[in-house]
Every structure is written in structure tokens, then in C-alpha cells.
Amino acid sequence: MIREKRLFCKLIKIKKSAQQLYAKEKYLHTKREQVCPVCGRRGSWQAHGQYERSVIDYESGRVVYGRIKIRRVRCESCGHTHAIIPDYIIPYCTYSLLFVLRVLGEYFLRKRTVEGICRRYNITPSMVYSWKGIFEEHKEIWLGVLAASEQTGGAFIRWLVGEPNYSERFGEAFFKKTARSFLQRHRETARKQERRPSWEWQHVDADISRLFAGIVP
Ligand SMILES: [Zn+2]
């Protein structure tokens, strides 16, 4: 996997969803200076097809479900293939980075109750707590245990969305430090987590009219 830097500004300034960002840039190609994560060779790529993945976003006050195409490239030097994942997508997570940060922002800044957040974003409480868990784990990795204990989730997310250049000053640095993207779980865990909502849908949000209140006008 190659993470493609796309968020060169403050996240708080971005008015578009991942799907809208993708639509704007789909004719861009991998930069020739990109290094192969396997062999370290720079800029020797062949196009190697593409695949579609689901992405769930929040646009103009509602949850939107869509698909984007992920390009694959093959390194001419070592032959390994890599998916190019723009950094507004969290690997193995259907929800876009901005969607998850929006939910966490509302949670940590106490804009809504968990129940209110779930209604607004069409998600289950366990998803909110699961994202909160990975957010706190990654905050601790980034800041160190001691500093993380002194900084609230709200303060950290405020800092994060206000960073002048998310991709270069945080996204890329986090990836280098941990070999994982921010908010990315291990693949196995992520798959288990993504199976969970459909099961809990029946149990937690059985009342469909209540679930859609505030989402569908
Ligand atoms: Zn290579």
C-alpha cells in the first residue's frame, strides 16, 4: 500500500467529502518520486489496474454512500504491486477520515450525546466507542504516554484539525513512526469491526424511524 498525500491544508478548511475530493483529482497520477515501500526504488511504476471500494461520507448535512476506484501500480524494479490509497481514506475502514474525525469531534467536544451522534451519522454506539478507542491509542503513540494523559481528546482533535498541513506534518509523520495510518486498525481487527454494525443494527437501532430522524429531511 502506498499512502498518497492529498490533504495539504488544515482539515477544518476542507468543505468536501472524500468522494468529492476524489472526483476532482481522478486524473492525477502517482508522482514519479514516489518510493516503493518494498525495495526502496524511486519512481519506476507501471499501472496495474484498479478496484472499487465503498466509502461512507458526510455531505451537506447527510450521510452518503458511494464507491471510489483505487488504482494499483506495479514496481518495475521488484515486481510488487501496491494500491494507492489517498490519505482521506482510512485503510480497511469504509468510513472516510473526515467522517470519523467529525464523529469524534462531536463526541469529544460534547456537541451531542452518543445517541444523538448515532442518529445523525447512522452509526451504532459501538462504532463511536471503537473509533474513540483507536483515536486514544494513536494519540498516545503520537504524544507519548505521559503527554497523552495530560491532553484531552478534545484538545488533541482541535490541534489535529487545525494543523496547517495535515498530510505532511501529521499524516506522513504518523505513518513513518508507526507503519500504520492514523486511525487504521490491523487488518484482521478492522474486518471484524466492519462486520459488527449489521449485527448490531437489529439490536441497537431496531427503531428505524428514530434512526433516520435528523438524517432524512
Ligand atoms: Zn519495488
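**How the strands and helices are named**

Author: Welcome! Strand β3 (residues 62-75) pairs with β4 in the antiparallel sense over 3 bridges. This is a predicted model, where local features need pLDDT of at least 70, side-chain atom pairs count only at pLDDT 80 or more, and totals for chains, interfaces and linings use all residues. Residues are numbered from 1 along each chain as its sequence is written.

Reader: What makes β3 and β4 a pair?

Author: Two strands pair if DSSP finds at least two bridges between them; β3 and β4 have 3 bridges, so they count as paired. In this pairing, Val-73 stands opposite His-82 in β4. The two strands form a hairpin with 5 residues between them, and Gly-79 in the turn has a positive phi of about 85°.

Reader: Which strand runs parallel to β4?

Author: That is β1 (residues 2-4), joined to β4 (residues 81-86) by 3 bridges. Glu-4 has Pro-86 as its bridge partner in β4.

Reader: Why is α2 called roughly antiparallel to α3?

Author: The axes of α2 (residues 97-108) and α3 (residues 114-121) come within 10 Å and cross at roughly 155°. Angles over 145 degrees count as roughly antiparallel, so α2 is roughly antiparallel to α3.

Reader: Which residues of α2 meet α3?

Author: Val-103, Glu-106 and Tyr-107 meet Val-114, Ile-117 and Tyr-121 in α3 (contact means C-beta atoms, placed from the backbone, within 7 Å). By class, this contact has 5 nonpolar, no polar and 1 charged residues. Glu counts as charged, while Val, Ile and Tyr count as nonpolar.

Definitions and conventions
Axes are lines fitted to C-alpha atoms, for helices over the stretch in contact, and angles run from 0 to 180 degrees between N-to-C directions. Helices (H or I, at least four residues) and strands (E, at least two) are DSSP runs, numbered from the N terminus. Angles under 35 degrees count as roughly parallel, over 145 as roughly antiparallel, 65 to 115 as roughly perpendicular and the rest as oblique. Two residues are in contact if their C-beta atoms, placed from the backbone, lie within 7 Å.
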